[in-house]
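Welcome to a short walk through this structure. Keep your viewer open, and select along with each stop.

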Amino acid sequence: MVENKDRDYKSLRLAIGSRADLKKLAEICVCFANAQGGEIIIGIEDATSEPPTNQRVNQTNVNEIMKKLRGLTDGVGIVDPSIIRHINGGEYFVLKILPSVRAIATTSSGKVFIRVSDNCFPVSSNDLTHLAAEKTAFQWEIITPQKVSLSNADEAKVNLFIQDIRSSDKVSEFIKNKEAAEIAEFYQLVNSEGGLTNLGILWLGTPAQRARLNYPLTIQYIVYNEREEKIRKRDWHFHRYNPKELLLELEREAVELTYSTELPDGLFRKNIRQYPREVVRELLINAIAHRSYTISSDIFIKVYPDRMTITSPGSLPLGIDENNILHKQHRRNPHLIKILNDLKLMEGEGSGYDLVYEKLARDAKPMPQIESEFMQVSVTVYSNSVDNEAVSILDYIDKYYQLTQKEYITLGLIATEKKILSTQLARKLQLNQEDKMRFWIGTLIDNGIIISRGARKGTAYLLNPVLFSQAKIDIIPSLKTIEPYKLEALIIEDLKYNGRSKIADIQNRLNEAPKADIQKTLYKMVNKNVLTTGGAKKDRTYDLKKNK
């Protein structure tokens with residue numbers, strides 16, 4: 001059984017018996033209520049897929065648990081407690097937690113938690129305002145303030161939406177066979193009475209109806225020159241387009257995002273887009289899908305000679321930041337995201353930024369820079385920071401090896417850096433535990449694509465020079481990847497000619513070698529009695545040991 005944002009598995013011992021911890025269970029209920037709701041399956045352990053065969057659940061116990069949980073929480077809706085008999089004969093029960101869309105759910109002691117991905121996180125006092133704003137943002141999609149019926153929507157847009165849904169291979173036949181009104185209701189475009197929701201007006205409404213949304217979808221596209229002066233501006237404030245049409249219009253108009261850079265490729269030339277198409281699409285659709293529709297502000301797309309920045313109203317969803325965006329998912333507008341996903345306009349949930357990182361890594365470009373503030377989030381991608389050598393390496397590997405997405409991201413980072421410590425790589429991959437690195441390193445070492453040096457926190461990863469000599473790629477030697485014993489010999493040669501020197505002087509003369517490697521090698525050479533030191537700590541100098 002796999003836990004996710006909607007489902008959590010707990011042992012029966014957490015709810016019943018002498019080791020029961022109903023306060024902990026109450027915190028999990030609060031987590032789900034402050035997110036999008038979910039189910040707690042009690043009686044199946046996290047690491048198993050079924051209950052013990054002799055496990056029995058008593059209805060009286062379930063009723064008592066429900067009563068206590070309601071007393072231990074505030075603003076939490078717990079419904080449909082059902083006892084289920086597994087095919088193996090064992091029993092377990094399920095608690096369904098409704099989303100708390102109007103108020104912040106808390107424990108009876110006043111603690112606040114929220115579910116992000118498959119974990120619960122406490123909400124600090126500083127984040128309570130943020131959580132309150134998120135509550136409003138979640139509700140925005142499904143309220144019906146304008147009292148507009150589906151029959152008064154834009155008929156062409158309704159027909160096109162139904163046609164797109166029925167032709168999508170991401171939609172089940174069960175949904176495709178529904179009537180048009182039922183499909184619209186399934187995607188929360190209309191309510192049970194047939195009235196258009198805010199999401200319905202955004203997608204199916206007329207321009208006049210869309211203009212009456214409190215904070216409609218508006219975008220500004222601005223191009224700057226080298227002096228950061230505006231040279232072109234295009235905006236969409238007239239509400240003609242729904243999100244899909246707006247995305248396609250943006251891609252047609254934003255010609256600056258389609259420019260490419262020409263690189264040598266043997267006897268030929270190779271064009272690499274300054275901004276990979278998939279990266280542009282994913283970032284644009286993310287700005288539309290994850291923006292806060294309760295903040296009065298536009299989406300800004302600013303294009304400079306060397307970079308593109310997309311700014312969207314509303315900060316990153318609670319629990320997500322620039323240091324965990326690769327590994328955590330939390331939906332601000334879940335129904336809009338469902339539509340975009342089913343129409344194949346965006347990657348599956350939680351995989352969008354994986355795709356962005358992979359495509360940038362394949363072109364040896366820097367990873368995106370993400371800045372989140374209370375009222376907005378900005379993502380910057382650089383255009384022409386391409387390492388020609390790294391691109392050649394990655395192209396060769398792509399021809400001869402089948403790598404996973406994680407392996408491509410890891411390889412791109414190593415190829416760009418030439419050599420990187422495991423601690424630095426973990427930080428770039430947003431991993432808080434180095435033992436998780438093996439899932440990202442994958443088969444790179446086994447296939448001889450990269451090699452490692454050192455041990456534990458001193459482990460460094462670099463490209464395998466043997467592989468690329470076989471591939472006959474013209475790699476320019478770099479002191480960044482020099483082996484430790486060769487760096488030691490280089491320092492000996494340097495001190496032979498330049499005499500007693502400070503560490504800064506040695507680093508200046510061997511400026512291609514990483515400073516940390518030079519420092520580590522000098523300390524090792526002192527311990528081995530190869531070098532002598534002199535002077536105080538700040539003015540310490542190094543010299544070759546003189547033989548008597």
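Which residue lies over the face of Phe300? Select Lys302: Lys302 is placed there, at 5.6 Å from the ring centre. A charge counts as sitting over a ring when NZ of Lys or CZ of Arg is within 6 Å of the ring centre and within 35 degrees of the ring normal. Next, select Lys406 and Trp440, where the charged end of Lys406 sits over the Trp440 ring, 5.3 Å from its centre.

A word on the ground rules. This is a predicted model, in which local features need pLDDT of at least 70 and side-chain atom pairs count only at pLDDT 80 or more, while totals for chains, interfaces and linings use all residues. Residues are numbered from 1 along each chain as its sequence is written, and side-chain values use heavy atoms, leaving out hydrogens and water.

**Ring pairs**

The structure holds 6 aromatic pairs (rings of Phe, Tyr and Trp, the last by its six-membered ring, with centres within 6.5 Å; planes under 30 degrees apart are stacked, over 60 edge-to-face, the rest tilted). Select Trp140 and Tyr293: their ring centres are 4.6 Å apart and their planes at 20°, so this pair is stacked. Trp140 belongs to helix H3 (residues 128-140) and Tyr293 to the loop between helix H10 (277-290) and strand S13 (299-303), so the pair ties together parts 153 residues apart in sequence. Helices (H or I, at least four residues) and strands (E, at least two) are DSSP runs, numbered from the N terminus. Both Trp140 and Tyr293 are buried (under 20% relative accessible area; exposed is over 50%, partly exposed in between, with a 1.4 Å probe and protein chains only).

Move on to Phe186 and Tyr187, with ring centres 4.9 Å apart and planes at 90°, so the pair is edge-to-face. Phe186 is partly exposed at 37% relative accessible area, whereas Tyr187 is buried at 2%.

**Strand S9**

Now select residues 219-224, strand S9, where 6 of 6 residues are buried. In a regular strand, side chains alternate between the two faces of the sheet. On one side of S9 look for Ile219, Tyr221 and Val223, and on the other for Gln220, Ile222 and Tyr224.

What are the partners of S9? S13 pairs with S9 in the parallel sense over 5 bridges (pairing needs at least two DSSP bridges), and Tyr221 has Ile301 as its bridge partner there. Strand S10 (residues 230-236) pairs with S9 in the antiparallel sense over 6 bridges, with Val223 opposite Arg232. Finish at the hairpin of S9 and S10, which has 5 residues between the strands; Glu228 in the turn has a positive phi of about 60°.
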